Amino acid sequence: MRRLVNSGCRFLLVATSFLALSLPASAADSLTVVTFGGAFENAVNKAYFEPFTAKTGTSIVREQYDGGLAKLRGMVESGNTTWDLVDLESNDAIVGCDEGLLQKLDPKLLGDVSDFIPGAVLPCAVASMVWSTVYAYDTSRLKTAPTTMADFFDLAKFPGKRGLRKSPKGALEWALIADGVPTADVYRVLGTPEGLDRAFKKLSAIKSEIVWWEAGSQAPQLLADGAVAMTMAYNGRIRVAQLEDKRPFSIVWDGQVYDYEWWGIPKGAKKADAARTLVEYASSPDNIWKLSNYIPYAPPRKSAVSKVDKAVLPHLPTAPDNFKNALQINSEFWSDNFDGINNRFMSWLAQ
Amino acid sequence: MNGISPQQVQIRTTDPRAGYRAARRREALRAFILAVPLLVFLLATFIYPIGKLFLMSVQSGEVVNAIPGTATLLADWPGPPDLPSPQVFDRLAADLQKAQQDGTLAAAARRLNNYEPGFRTLMLKTVRQLPSTSGLPYSEELPRIDKRWGDAETWRLLKRAATRYTPDFLLTAMDREVAPDQSIVPVEKTQAVYVDAFLRTFSISGAVTLICLILGYPVAFLLATLPARKSNLLLIFVIVPFWTSLLVRTTAWYVLLQPNGVVNSLLIASGLTTEPAALMFNRLGVLIGMTHVLLPFMILANYAVMRGIPPVYQRAAVSLGAHPAVAFLRVYVPQTMPGIGTGMFLVFVLSLGYYITPALLGGAGDEMISQLVALQMERQLNWGLAGALSVYLVIFTLAVYAVFNRLVGIDRLRLG
């Protein structure tokens with residue numbers, strides 16, 4: 001018994017010291033910014049955070065998350081918001097604002113709002129960049145180059161595995177585009193039962209060859225490992241693999257599904273004022289273009305495009321050659337229909 | 001000696017027992033005080049959140065909070081085929097505008113969207129258009145804004161959602177819903193997800209448990225019968241992976257099993273196959289990964305029991321004429337039942353909640369229930385449904401506990 005108690009005490013001691021270590025370090029004048037991490041975090045750090053710290057003396061604590069509003073909602077409901085600025089996907093930026101998890105953003109911070117591309121300023125969030133879901137292939141493995149979305153679904157012409165994100169979002173839009181639906185009509189068709197059937201039918205044709213991934217970093221890895229012949233991927237990840245890992249990857253821009261990424265300040269953020277200053281800094285015409293030099297995501301301001309490094313321009317989703325047949329994700333559509341379609345998607349997966 | 005009174009004798013005979021009881025009480029109190037911090041910790045971080053999650057599976061206050069007046073009026077409405085009275089329309093219009101000012105509308109709209117895709121936009125759109133209405137009574141105005149308000153089914157769903165407590169999350173988690181005639185019916189086939197996911201979770205857990213038993217039992221036997229020096233060395237091979245992070249081991253398998261990974265390269269080099277074999281992104285990958293992660297539990301549970309079994313019983317059986325195999329099966333194996341039971345119980349219950357390994361190594365049809373809980377929790381913000389799925393998972397785990405208790409006897413389970 002005594003031995004048990006002794007070792008119990010020792011365990012408690014060790015456990016509490018670990019607990020102390022795991023508590024977040026918080027300095028008085030630091031700002032906690034949460035992003036999806038990876039290449040994007042490195043890019044925003046170099047483009048905005050480091051110069052911002054140099055200029056204002058406010059140090060920035062970087063944290064990572066996988067998207068979704070669950071953590072934010074938990075913090076706001078418990079009245080202890082430890083995040084000051086959050087990198088958000090469209091859906092979360094809209095819903096987070098509707099549900100009062102984000103603070104209203106004063107458009108005055110952003111200067112000339114008409115300089116932003118349409119839809120890039122929301123009541124609670126401002127777009128930080130435009131990113132895109134595209135498909136990519138390894139040029140050293142495919143003899144003929146695919147060029148269209150239909151090629152991605154053509155197993156006869158381009159045999160081999162296909163990587164897709166395990167979500168109906170994106171995959172169903174692509175299936176319809178490949179089946180000949182013009183990008184302008186995709187969501188109208190997808191909103192009808194027949195259209196949904198049509199998308200699933202198209203997807204079923206390549207189902208046996210699909211490798212499903214969940215984290216964005218898996219896509220370039222699958223391609224590098226030769227596990228797939230082509231894969232859905234975020235354009236920035238592929239560019240980084242091309243540049244840093246010298247991979248012979250190529251992107252097919254046809255049918256790209258693009259979306260904005262957002263900055264939002266959580267309700268109850270302790271350093272809300274400093275967070276607003278950072279948003280103002282990162283969104284200003286003088287700075288917003290800098291991100292594109294580190295990662296090929298496009299700036300959401302019209303005046304910024306001309307300032308981006310000329311060598312980077314052709315790799316941006318919004319470059320004219322890449323933007324010919326592009327579709328913006330319809331977050332309203334997915335907010336309404338995700339549950340039902342995702343259930344159908346999961347039962348379709350398990351068949 | 002002669003001076004001892006009866007009273008003193010009395011004291012001498014009862015004193016030790018009373019003292020013993022007092023000592024026991026002190027000991028119990030001491031143990032309790034020592035455990036208090038842990039109990040408080042468990043209460044705060046384990047029992048309270050789980051209780052709250054369970055409560056969440058039947059709570060649905062979003063709609064009532066947003067439109068309390070309408071909810072009260074709808075409670076008296078008998079339901080389709082007739083529409084509610086014009087008074088209810090008026091109340092709803094007023095409630096909606098107030099809810100938008102209070103910021104309670106979005107949560108209600110999200111909740112209603114669980115019942116019918118598009119209900120969310122219906123609510124938001126209606127509120128947007130209300131201020132610019134023409135002065136018609138709302139019973140005509142609302143259906144003009146959107147024709148769904150003229151459909152009694154819309155109002156039925158609104159009534160269903162506008163209650164503080166609801167069985168609907170628990171029904172959805174079993175792929176059931178309440179039909180317009182109040183009967184409980186299965187959901188449409190394309191929408192049925194959760195029953196299959198539970199069955200899949202059980203079959204994967206069962207398979208992992210059996211594979212662990214088949215692989216782990218002989219190893220445990222070897223460890224228990226070898227001389228101490230050799231068995232200690234072997235034990236390190238069991239324990240080191242046990243200490244390694246789950247994520248590290250899972251990603252290690254990811255590297256080994258991928259199409260151009262180590263295993264496939266060896267298979268192709270040895271001429272066994274020409275095409276890379278599909279070792280991951282399917283059920284096989286999940287079973288390999290989970291078995292490897294959980295095997296130490298099975299080995300250690302059995303080893304602990306086997307080490308305490310004296311070899312003399314088996315020897316006695318053999319000396320009485322039993323074949324060694326018979327002696328093993330009929331004398332040795334029954335004595336290891338507590339180990340087998342502990343190992344199987346541990347492995348099975350741990351498998352039920354598995355998350356990372358099936359997500360990384362599994363394919364399309366290998367989604368386990370905890371992955372679906374995470375989806376509802378993190379992505380869909382549907383904590384009610386996540387709670388309901390967790391309730392079933394806990395109930396099934398308790399059921400497994402009861403079965404094991406019946407078959408093996410939990411009091412005989414031991415870990416060392």
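Mentor: Let us begin with helices: helices (H or I, at least four residues) and strands (E, at least two) are DSSP runs, numbered from the N terminus. Axes are lines fitted to C-alpha atoms, for helices over the stretch in contact, and angles run from 0 to 180 degrees between N-to-C directions. Two packed helices are described by the angle between their axes and the distance between the axes. In this structure, helix H4 (residues 86-102) of chain B packs against helix H7 (residues 138-145) of chain B at about 60°, and their axes are 8 Å apart. The model is predicted: local features need pLDDT of at least 70, side-chain atom pairs count only at pLDDT 80 or more, and totals for chains, interfaces and linings use all residues. Residues are numbered from 1 along each chain as its sequence is written, while chains are lettered from A and ligands numbered from 1 in the order in which they are written.

Trainee: Which residues in H4(B) and H7(B) meet?

Mentor: Two residues are in contact if their C-beta atoms, placed from the backbone, lie within 7 Å. Here B:Pro86, B:Phe89, B:Asp90 and B:Ala93 of H4(B) meet B:Tyr138, B:Ser139 and B:Leu142 of H7(B). For classes, Ala, Val, Leu, Ile, Met, Phe, Trp, Tyr, Cys and Pro count as nonpolar, Asp, Glu, Lys and Arg as charged, and the others, Gly among them, as polar.

Trainee: At what angle do helix H5 and helix H6 of chain B cross?

Mentor: Helix H5 (residues 105-113) and helix H6 (residues 119-129) of chain B cross at roughly 145°, and their axes come within 7 Å. Their contact divides into eight nonpolar, one polar and two charged residues.

Trainee: How is burial read, and is B:Trp383 buried or exposed?

Mentor: A residue is buried if 20 or more other C-beta atoms lie within 10 Å of its own, exposed if 12 or fewer, and partly exposed in between. B:Trp383 is buried because 21 other C-beta atoms lie within 10 Å. B:Trp383 belongs to helix H20 (residues 383-407) of chain B. Leaving aside neighbours within four places in sequence, B:Trp383 is in contact with B:Met56 and B:Met377.

Mentor: In soluble globular proteins, nonpolar side chains tend to be buried together. A nonpolar core is a set of buried Ala, Val, Leu, Ile, Met, Phe, Trp, Tyr and Cys residues joined through C-beta atoms within 7 Å. The largest core has 158 residues, of which A:Leu85, A:Ala125, A:Ala136, B:Leu294, B:Val347 and B:Leu389 touch the most other members. Helix H14 (residues 283-307) of chain B gives the most to this core, with 12 residues.

Trainee: How many residues of chain A are in contact with chain B?

Mentor: There are 26 residues of chain A in contact with 29 residues of chain B. On the side of chain A that touches chain B, H12(A) gives the most, with 12 residues. By class, that side has nine nonpolar, eight polar and nine charged residues.

Trainee: What pLDDT does chain A average?

Mentor: pLDDT is the predictor's confidence in each residue, from 0 to 100. Chain A averages 88, and 92% of the residues score at least 70. Over residues 16-27 of chain A, pLDDT stays under 50.
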